[in-house]
Amino acid sequence: MPDTQINPTAAALLGLLHEGPMTGGQLMAAAERRLGPYWSMTRSQVYRELPVLAEMGFVRLGKPGPRSSQPYALTASGKRAFSRWLAEAPGRDAIRNPVALRVAFGQQSSGTQLKSLYVGANEYHSEALAMAREQAKEAKKAGDQYGAAALEFAVAYHKAALSWLKAAPAS
């Protein structure tokens, strides 16, 4: 299968645009709502990818709206590129956990720093776990088995992170 020449962020945008035309801000909100529990995108990534996708002919610009917002619509070429991307091997996970990185250098941290790090991480993962569980429940109720399955990954991830935090060395 030929390489689509789109990166995962661009592919995520094309996937979201299957729902209909959206501005960059609407795409950010949709990405946070639908993908946020397991895939992060920054505003700068979204706004960097949209002109590239337009240049490639995968999206087209709509009429400017309020405050010069520019809606983007998926083209037939964009749908084909997205389908090709779906058929490609996904590649390796890119794990970048800022808490684990700090724990790796725990010998250079004070006990107070580590405790603060763990408290903050526990709060984050507990809240994220609750949100992912709720979103998975809603997806199941709506009949979105694929969305629910992706959200179950987020549930398992946050459970694993909380379990790891309990065993992490304190000083």
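These notebook entries record what I looked up in a predicted model.

**Ground rules.** I number residues from 1 along each chain as its sequence is written, and side-chain values use heavy atoms, without hydrogens and water. Because the model is predicted, local features need pLDDT of at least 70 and side-chain atom pairs count only at pLDDT 80 or more, while totals for chains, interfaces and linings use all residues.

**Domains.** I found domain 1 (8-87) and domain 2 (98-167) in the domain assignment of the protein chain, whose bounds come from an automatic or database assignment. Their centres, taken over C-alpha atoms, are separated by 27 Å.

**Helix H1.** I asked how many of the nine residues of H1 (residues 8-16) are buried. Seven are, so H1 is largely enclosed by the rest of the structure; buried means under 20% relative accessible area, with a 1.4 Å probe and protein chains only. Helices are DSSP runs (H or I) of at least four residues, and strands (E) of at least two. Among the buried residues I noted Thr9, Ala10 and Leu13. Their cover includes helix H2 (24-34), H3, strand E1 (59-61), strand E2 (72-74) and helix H4 (76-87). At the start of H1, I saw a side-chain oxygen of Asn7 within 3.0 Å of the backbone nitrogen of Thr9.

**Glu49.** I located Glu49 in helix H3 (residues 43-55). Leaving out residues up to four places away in sequence, Glu49 touches Asn7, Thr9, Ala10 and Leu13, where contact means heavy atoms within 4.5 Å. Glu49 is buried yet has no salt bridge, and Arg48, the nearest side chain of opposite charge, is 4.4 Å away. A salt bridge needs a side-chain nitrogen of Lys or Arg within 4 Å of a carboxyl oxygen of Asp or Glu.

Notes
Buried < 20%, exposed > 50% of the residue type's maximum accessible area, 1.4 Å probe, protein only. Lys, Arg positive; Asp, Glu negative; His and termini not counted. Polar contact = N/O pair within 3.5 Å; in protein donor to acceptor, adjacent residues only side chain to side chain.
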